[in-house]
Amino acid sequence: MTASEMKNAILHHLVYTLGKDAAHAKTYDWRMALSFAVRDQIVDRWFEATRRTYAEHRKRVYYLSLEFLIGRLLKDAVINMRLEEAVQDALDALKIDWHELLEDEPDAALGNGGLGRLAACFMESQATLGLPAMGYGIRYEHGLFRQSFEDGRQVEEPEDWLSQTHAWEFVRPEVAIDIGFGGHVQEIGSRANWYPSEMLIAMAHDTPVIGWKGRWGNTLRLWESRPMHGFDLARFNRGDYAAAAEPEALARTLSRVLYPDDHTEQGKELRLKQEFFHTAASIRDIIRRFESEYDDLKLLPKKAAIQINDTHPAIAGPELVRILHDERGMDFEEAVGIARNTISYTNHTLLPEALETWGEARMGRLLPRHMQLIDRIDDLHRRETGTGHVNAHQDGKVHMGTLGFIMAHKVNGVAALHTELQKTTVFKDLHELHPDRIVNQTNGVTPRRWLLSCNPRLASLITEGIGDGWVDHAEDLEKIEPLVADPAWLDRYAAAKKANKVDLSNWIAETMEIGVDPDAIFDIQVKRIHEYKRQHLNLLETIAHWQEIRDNPNAGWVPRVKIFGGKAFPNYIYAKDMVRLANDMARVMNSDPLTSRYLKVVFPPNYNVSLAERLIPAADLSEQISTAGKEASGTGNMKLTLNGALTIGTLDGANVEIRELVGAENFFLFGMTAEEVMARRAEAGHAARAIAEDHRLARALEAIRSGIFSPDEPGRYHSITENLSHHDYFMVCSDFTDYWRAQREVDTAFTDPKDWARKAALNTARAGWFSSDRTIRGYMKDIWHTDAAPQVADAAE
Ligand code: PLP
């Protein structure tokens with residue numbers, strides 16, 4: 001598409017879609033007009049992919065996830081369609097600022113963190129690989145809350161990405177699926193009719209997901225809940241306005257909010273209803289599509305693969321069995337076999353408290369037929385395995401992890417260590433019964449968004465050196481290794497990083513009024529705020545470092561900027577205290593004339609995908625410091641490695657594989673292993689001993705206790721200091737000394753800029769394996785047993 005065609009398309013949409021005269025158009029209007037013009041380019045390719053899938057009777061992959069953290073879509077679409085030049089030139093001709101339009105787009109935060117962002121990266125990789133796939137999620141009216149700080153405290157405000165029209169979606173009022181809850185079951189022999197007492201409708205909204213060079217397009221289908229019976233006019237006419245609107249409001253509640261939590265059981269009825277709503281609508285849609293093509297449901301596992309992202313859609317097993325057995329009349333055991341061969345389950349956690357359970361009373365009330373089927377599935381599983389001790393329904397609860405496991409042909413972990421630990425911890429018993437079921441698929445990230453798009457300076461340096469093949473074969477990044485030996489090339493690598501740091505410094509100055517030195521180490525910890533991720537370990541080290549600088553301000557310290565980003569779950573008081581402590585520390589340290597040249601603390605609010613895209617390219621140091629054995633994989637760690645940040649980290653999650661690939665000499669390792677953590681935890685008084693043995697740690701804790709950072713309320717962080725001194729489940733104190741040592745190694749390494757640049761470039765060169773294309777290929781081979789389709793031609797540049 002030429003620039004002038006693009007310009008005409010934008011103007012056409014401005015006038016005829018948005019009804020705006022160019023003379024009065026605002027940023028929003030231009031952004032929408034541009035988005036529609038780009039979307040038009042996508043649609044034909046998207047249709048073509050769907051036509052081919054039908055024509056060739058391809059197997060489809062269905063990715064069911066309660067979260068899709070997709071972020072902004074405009075730049076992604078422009079880059080994948082190779083429209084950058086046309087758009088840039090068209091907007092120049094119209095005298096419109098491209099960056100202003102990009103910044104105007106709401107960031108769709110339909111997820112909490114890693115799990116939801118993984119789903120978004122997977123959608124992009126599936127499209128890039130030409131795999132016929134569909135993502136199913138919920139179209140939350142309010143995504144993850146917007147975070148701001150008041151006096152350092154986290155304040156949550158509703159996120160309202162839908163307050164403006166969402167440019168990328170197509171509303172499908174004709175795809176409306178009835179969803180029931182409650183009621184009663186009438187058994188007829190082994191089958192049953194379920195008569196729900198409450199009904200609502202799931203309505204589809206489709207967003208095309210276009211792969212690299214526009215060669216393939218898939219669909220992200222998000223469900224909105226709607227009332228079955230709209231507005232009660234009779235009540236309204238009687239003047240009972242609130243009651244008239246009530247059924248509609250209740251029905252819509254289901255897709256109103258994303259639960260701000262991916263690690264603890266929410267225990268809320270609404271959450272269970274959301275899970276069933278999402279799963280039932282998706283399964284119904286999958287069966288409808290299957291039956292439009294085939295008439296033998298026995299073929300289902302050959303033609304459809306259903307992946308459930310964590311346990312949230314684990315009711316998929318019983319629901320599919322219900323449809324096959326109760327509604328289609330298939331024999332129960334056969335129905336279970338077909339469902340199991342179709343479904344596979346990704347487990348994301350080793351935290352036992354995060355494995356979802358639902359009380360049998362609630363489940364039985366909301367989903368009476370599913371409760372019966374779960375018992376029959378358990379019974380069948382007991383007969384199959386000849387054992388009685390592993391049941392999904394046990395101790396008055398339905399264990400969704402067990403249900404997911406029993407009803408899947410494959411269960412995957414998300415990093416090598418996580419998968420191995422699964423076998424010995426959360427799924428030990430099930431693994432013994434089904435030794436071939438657990439497989440590993442280490443997570444990945446799309447290099448289109450997480451290098452090409454977010455870091456154009458580095459991307460073009462790489463492309464100039466080795467061509468653009470790395471964009472869809474990220475392993476090709478290793479071809480830059482010979483360039484790393486060339487001092488002139490390495491200077492350019494370092495210059496790209498420096499320019500990114502200057503950009504970030506300017507943004508920090510403008511938005512937060514904090515001056516930072518772009519020559520300092522940009523030390524970044526961005527992720528959900530959680531004790532297991534140990535932001536407090538980083539904070540304690542920061543305090544100790546600050547104290548040493550104060551002791552000896554002229555000792556030639558290596559300047560650092562400590563950057564934090566992340567949201568604390570609104571009911572998680574301890575995590576919110578960590579946020580406030582970081583902000584209190586920032587206030588004190590950034591204004592300390594003795595130290596502020598050497599140490600700054602910056603905590604930009606509202607960490608989301610867009611902020612990640614801004615921070616990650618500017619990072620020198622990636623903090624991946626979770627307690628070993630607690631982080632399933634991490635994906636932020638991969639993004640930072642790809643962008644040339646060196647990791648300081650524990651042997652946890654995918655850090656293990658990152659270190660193996662980039663080389664131990666290019667990674668700052670510290671801390672106990674998962675085994676050592678378990679052994680140490682069993683020792684009484686481990687925290688007190690660690691504090692007694694490390695004067696820096698003792699002094700840092702004392703500083704918090706003394707109220708230096710919270711003079712108006714000295715006891716503010718009592719719960720943190722007490723917990724760390726006496727309990728310290730996450731081993732902050734026991735790992736502190738080694739963390740301190742590793743941080744000082746970082747300082748030393750940074751004083752040799754050439755060698756640092758070399759290490760950073762090697763991180764980039766060796767991170768290609770962490771492409772989500774590799775992950776998706778792994779799922780295709782080991783779990784989904786499917787091929788990619790021949791793709792449509794490349795979108796021309
Ligand atoms: N939140 C956002 C916006 C992300 O982009 C990511 C991952 O890259 C995460 C959270 C997860 O971060 P981590 O893997 O470090 O927990």
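# Asking how the calls are made

Biologist: What makes R82 partly exposed?

Modeller: R82 has 17 other C-beta atoms within 10 Å. Buried takes 20 or more, and exposed takes 12 or fewer. A count of 17 sits in between, so R82 is called partly exposed. Bear in mind that this is a predicted model.

Biologist: And where is R82, and what is its phi?

Modeller: R82 is in the loop between α3 (74–80) and α4 (84–94). Its phi is positive, about 55°, although R82 is not a glycine. Most residues other than glycine have a negative phi.

Biologist: Why is E513 called exposed?

Modeller: E513 has 8 C-beta neighbours inside 10 Å. The cut-off for exposed is 12 or fewer, so E513 counts as exposed. E513 sits in the loop between α21 (487–512) and β19 (521–526). E513, too, is a non-glycine residue with a positive phi of about 55°.

Biologist: On to the lysine. What does UniProt say about K639?

Modeller: The UniProt record, an unreviewed entry, puts "modified residue: N6-(pyridoxal phosphate)lysine" at K639. In the model, K639 is in helix α25 (residues 636–642).

Biologist: Which residues are around the ligand?

Modeller: K639 is one of them, and the others include G113, G114, R117, K527, N608 and T635. By class, this shell has two nonpolar, seven polar and three charged residues.

Biologist: How do you know that the shell lies between the domains?

Modeller: Domain 1 (57–72 + 107–443 + 780–784) and domain 2 (447–770) both give residues to the shell, so it lies between them. The C-alpha centres of domain 1 and domain 2 are 34 Å apart. Their contact takes 38 residues from domain 1 and 34 residues from domain 2.

Biologist: Which element has the largest share on the side of domain 1 that touches domain 2?

Modeller: α6 does, with five residues. That side of domain 1 divides into 15 nonpolar, 15 polar and eight charged residues.

Biologist: Why do you say α22 is largely enclosed?

Modeller: In α22, 13 of the 17 residues are buried, so the rest of the structure largely encloses it. As for its span, α22 (residues 535–551) reaches 25 Å from first C-alpha to last, close to the 24 Å expected at 1.5 Å a residue.

Biologist: Which residues of α32 are buried, and what covers them?

Modeller: Among the buried residues of α32 are W756, A757, K759, L762 and N763. The cover over the buried residues of α32 includes α21, α25, β23 (646–649) and α31 (732–750). That brings us back to α25, the helix that holds K639.

Notes
Residues numbered from 1 in each chain as written. Predicted model: local features only at pLDDT ≥ 70, side-chain atom pairs only at ≥ 80, totals over all residues. Helix = DSSP H or I, 4+ residues; strand = E, 2+ residues; numbered from the N terminus. Expected span 1.5 Å × (residues − 1). UniProt positions renumbered as here; feature names shortened; annotations may be inferred. Near = placed C-beta within 6 Å. Nonpolar A, V, L, I, M, F, W, Y, C, P; charged D, E, K, R; others polar. Domains from an automatic or database assignment. Contact = placed C-beta atoms within 7 Å.
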